[in-house]
Amino acid sequence: MDTAAAPPEESRLRPDQRNAFLAAFLGWTMDAFDYFIVVLVYAEIARDFGVSLERMAFLTTVTLVMRPVGALIFGIWADRVGRRIPLIVDVCFYSIIGFACAFAPNFSVLLVLRLAYGIGMGGEWGLGAALAMEKIPAHRRGFFSGVLQEGYSTGYLLASLAFLLVHSVLGLSWRWLFALSIIPALISLLIRARVKESEVWEAARARVTRVGIRQVLLNGKIVRRFVYLVLLMTAFNWMSHGTQDIYPTFLKTGIGLSATTATWIAVIYNIGAIIGGTVFGTMSQRFGRRRIIVIAAVLGLPIVPIFAYSHTAGLLCLGSFLMQIMVQGAWGVIPAHLTELSPDEIRGFYPGVTYQLGNCLAAFNLPIQESLADSHGYPFALAVTVVPVLIAVAVLTALGKENRGVRFGTEASSALAQPTKA
């Protein structure tokens, strides 16, 4: 479903639209910043707390497992009272938890804090994306979808730069990195406080009152689409975490690069991720959401040998840079794709919960990769997990439907509308 060219007065975002998008971008950036701090320093945390790397890997697992809980709680709340207040409460919650991680006295306390952080992280993406995409003009949704999703890679990039500054330049402990995570969260909170409520939610509220939320949730078409999107998001999250979470450890432990060199490589491949998400997200507006995702996933396959089996820093940098262009290129389509497939009446709940349930099912990726690396080496662990999931993303996407360019707040985006095949 395509939209006609917008009149010139609609080409610029209004202040409220800009604020909604910027707040969602910064919120997602902060989430990723805090999440990838653990990825970058969990070897150092393991050493300080005297636990194994395999056990430390569950710090990321519990965060991912709890994200559906946050998506469910904040999503249902947002469909009942609007997007704005639940998002502000969520930002306050995960900001405090993320900052508290800097003061964890032992592994058990840090594990509990990361579990609680997962609840806050789960609430951010779905509500932030829903509010931003509901306010962004339909004809510009592809570009802003790509930029929004790459808040995740921007957070990873900032975490890498913060690691270089705090660890490599200043020689400070990992605790300072968690303390820094409060800064982007507070900025996001200040901007989000200025965002008006979603007009689409206000229009959908009257429709829900007439139809009833239970009838919407139990609609057979909605349930089938929900199951499909959970499977799709499982593949997507496995693709993302499978190419990112273990890679810094692979570079340092598997290849023997210094922490500084490995982190600079992470900086470079996150620049590739930002490029990929923005470019492919924009292309999806013209060529279709599904087609662009499939192309990105398929193009990732021939990059796997360079990405996983190279032995020099230069080739590893090239392989990871190209891989993240493709992986995050596919991801750049997702905020628009998921929100367009989500009915107005339950858009607070639907995209966030499907996304985070997929994350939950992919949560054991890092422990599995660590176990495979321990027995067969890091290159095998990367290849054997990444290749199948790239294929799965392409196939599942091709089998699905899309609602490209649908106008939110109309009958076409209601719970009873049928997505188009192309």
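Predicted model: local features only at pLDDT ≥ 70, side-chain atom pairs only at ≥ 80, totals over all residues.
Biologist: Is Ser198 buried or exposed?

Modeller: Ser198 is found in the loop between helix H9 (182–192) and helix H10 (199–211). Its relative accessibility is 1%. Buried means under 20%, so Ser198 counts as buried.

Biologist: Which side chain makes a polar contact with the side chain of Ser198?

Modeller: Ser198 touches Arg83, Leu131, Glu134 and Lys135, leaving aside residues up to four places away in sequence. A polar atom of the Ser198 side chain also lies 3.3 Å from the backbone nitrogen of Val200. The side-chain to side-chain polar contact, at 2.5 Å, is with Glu134.

Biologist: Which residues have the most contacts inside the largest nonpolar core?

Modeller: That core has 122 residues. Helix H1 (residues 15–49) gives the most to this core, with 20 residues. The residues with the most contacts inside the core are Phe236 and Met239.

Biologist: Which residues does Met239 touch, not counting residues up to four places away in sequence?

Modeller: Met239 is one of the residues with the most contacts inside the largest nonpolar core. With residues up to four places away in sequence not counted, Met239 touches Val327, Ala330, Trp331, Val389, Leu390 and Val393.

Biologist: How many residues does the second, separate core have?

Modeller: Among its members are Ala20, Met66, Leu87 and Leu127. The number of residues in this second core is nine.

Biologist: What is the area of the nonpolar surface patch that includes Trp176?

Modeller: Trp176 is found in helix H8 (residues 175–180). The patch is made by Trp176 together with Leu165, Val169, Leu170 and Leu172. Its area is about 510 Å².

Definitions and conventions: Residues numbered from 1 in each chain as written. Heavy atoms only, no water. Patch = residues over 30% accessible without salt bridge, like charges linked within 9 Å, V, L, I, M, F, W, Y side chains within 5 Å. Areas by Shrake-Rupley, 256 points an atom, 1.4 Å probe, with all protein chains shown as cover. Salt bridge = Lys/Arg side-chain N within 4 Å of Asp/Glu carboxyl O. Helix = DSSP H or I, 4+ residues; strand = E, 2+ residues; numbered from the N terminus. Buried < 20%, exposed > 50% of the residue type's maximum accessible area, 1.4 Å probe, protein only. Polar contact = N/O pair within 3.5 Å; in protein donor to acceptor, adjacent residues only side chain to side chain. Contact = heavy atoms within 4.5 Å. Core = buried A, V, L, I, M, F, W, Y, C linked by side-chain atoms within 4.5 Å.
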